[in-house]
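Subject: Structure handover

Hello,

Here is the structure for your files. My notes on the findings follow below it.

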Amino acid sequence: PTPGSPCAAGNPSPFNAETATAFCTLAEWHRIERDDHKNDVSPFTANTTLPLAFVSRPPNGDDLLEFDTFAGGADLKLADATVDALGRIEKVDNVRSALTSCSALQPGAGLDVRGPEFSYDAKKLVFAARLGASEGLDLWVLDLVTNACTRLTNDAGRKVGEVRVHNFDPVFAPNGALVFSSTRAGTLTLKRFLPNADLYRVGPELNFASPERMTFLTNSDISAAFMANGQLSFTAEKAAPDFYQVSGRRMNWDLSDYHPLIAQRKDSDDTFGKTRPSVGYAQATEIREDLDRNFLVVLSDLDAKGGGGALGLFNRSVGPFEEGRTEPQFLR
């Protein structure tokens, strides 16, 4: 079979490594590994139903770093996605509000919601919400089994200096710990003078009396997510007097190796006096590691509103990349 075609039908049965093509040998190797780990992953069969969560709101004129601006009219939604045996979504239906059991958070002009994330067992949904412009974003969790709706933080819009405290973009760790962004340090960002958000965490007991601070730079860190190896990916501002980029970062759970991940430059100087396109966008947001270890990312320009942009797929194994470079060590 030629590369790209299925090998199951064309290969000898049983598989013969001496006569199979190189492509089909790799396909068989992949099949063996998948079979070896089949008990470690959720099986997909035809008509499997998976839960979806998303925020529905009117058009939003702010970007993701303007979280201090109240944006009402939001609702947290749940839906059912039907997938086939390969995990491809066939349909989405049964769209409904997730807040029916959250008596304090009824959808309407006075409600702002942001950043829902499932727990690893999909039994809980954590998110941020605020009621009116005088409050800040606080964290809530919805138990999808019992429908219990619990408020996790109660900063309720208090201020540290001139900065209103917001707690948002929560994400569960595999062990039930919780990482989130917060402005509780009371500082402003260096470039845009907006409330500065750092990453914080609490343990699986979800005790928010004294959350541990994870990042310390005066540039916002938002939208954390876990990688398969236990590291965190997130979006961070890079600001200097003559440079600004909203890029991808990663760090270890022990807080070491705070390190660039993707989209560090829209354009790069090749050290020979020429500026060349690199990633080609000034922002990388909503970074998530896929099951194949590639990164899914939203790429956008600095004036992108409401989190919109171009969907991107980043394979970190390809090495340095810049458009127009002819040296063999650069991917064109």
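**Overall picture**

The protein chain has an accessible surface of about 17,500 Å², and carbon and sulfur atoms account for 54% of that surface. Accessible areas come from the Shrake-Rupley method with a 1.4 Å probe, and for residues only the protein chains shown count as cover. This is a predicted model: local features need pLDDT of at least 70, side-chain atom pairs count only at pLDDT 80 or more, and totals for chains, interfaces and linings use all residues. Residues are numbered from 1 along each chain as its sequence is written, and side-chain values use heavy atoms, with hydrogens and water left out.

The protein chain contains one helix and 22 strands. Both are DSSP runs, numbered from the N terminus: helices are H or I with at least four residues, strands are E with at least two. Along the principal axes, the C-alpha atoms fill a box of roughly 70 × 60 × 40 Å. Of the 332 residues, 41% are buried. Buried means under 20% relative accessible area, exposed over 50%, and partly exposed in between (1.4 Å probe, protein chains only). Among contacts (heavy atoms within 4.5 Å) with a separation of 6 or more, 43% are between residues 24 or more positions apart.

**Disulfide**

There is one disulfide, that is, a pair of cysteine sulfur atoms within 2.5 Å. Cys102 and Cys149 form it, with their sulfur atoms 1.9 Å apart. It links distant parts of the chain, 47 residues apart. Cys102 sits in the loop between strand E3 (89-97) and strand E4 (111-118), and Cys149 in strand E7 (residues 149-151). The torsion about the S-S bond is about 100 degrees, so the disulfide is right-handed. Cys102 counts as buried, at 2% relative accessibility.

**Cores**

A nonpolar core is a set of buried Ala, Val, Leu, Ile, Met, Phe, Trp, Tyr and Cys residues joined through side-chain atoms within 4.5 Å. The largest has 21 residues, of which Leu139, Leu152, Phe168, Leu178 and Phe208 touch the most other members. Elements giving two or more residues to this core include strand E5 (124-131), strand E6 (138-143) and strand E16 (243-251). Leaving aside neighbours within four places in sequence, Leu152 contacts Val126, Leu139, Trp140, Val141, Leu178, Leu206 and Phe208.

**Rings**

Rings of Phe, Tyr and Trp (its six-membered ring) pair if their centres lie within 6.5 Å; planes under 30 degrees apart count as stacked, over 60 as edge-to-face and the rest as tilted. The count comes to five aromatic pairs. Phe180 and Tyr200 are stacked, with centres 6.1 Å apart and planes at 25 degrees. Phe180 lies in strand E11 and Tyr200 in strand E12, 20 residues apart in sequence. Phe180 is buried at 0%, and Tyr200 is buried at 5%. Ring pairs link Phe180, Tyr200 and Phe208 into a cluster.

Phe234 and Tyr258 make a tilted pair, with centres 5.6 Å apart and planes at 45 degrees. Phe234 is buried at 0% relative accessibility, whereas Tyr258 is partly exposed at 27%.

Two charges sit over rings (NZ of Lys or CZ of Arg within 6 Å of the ring centre and within 35 degrees of the ring normal). Arg201 lies over the face of Trp253, at 4.4 Å from the ring centre. Arg265 lies over the face of Phe243, at 4.2 Å.

Best wishes
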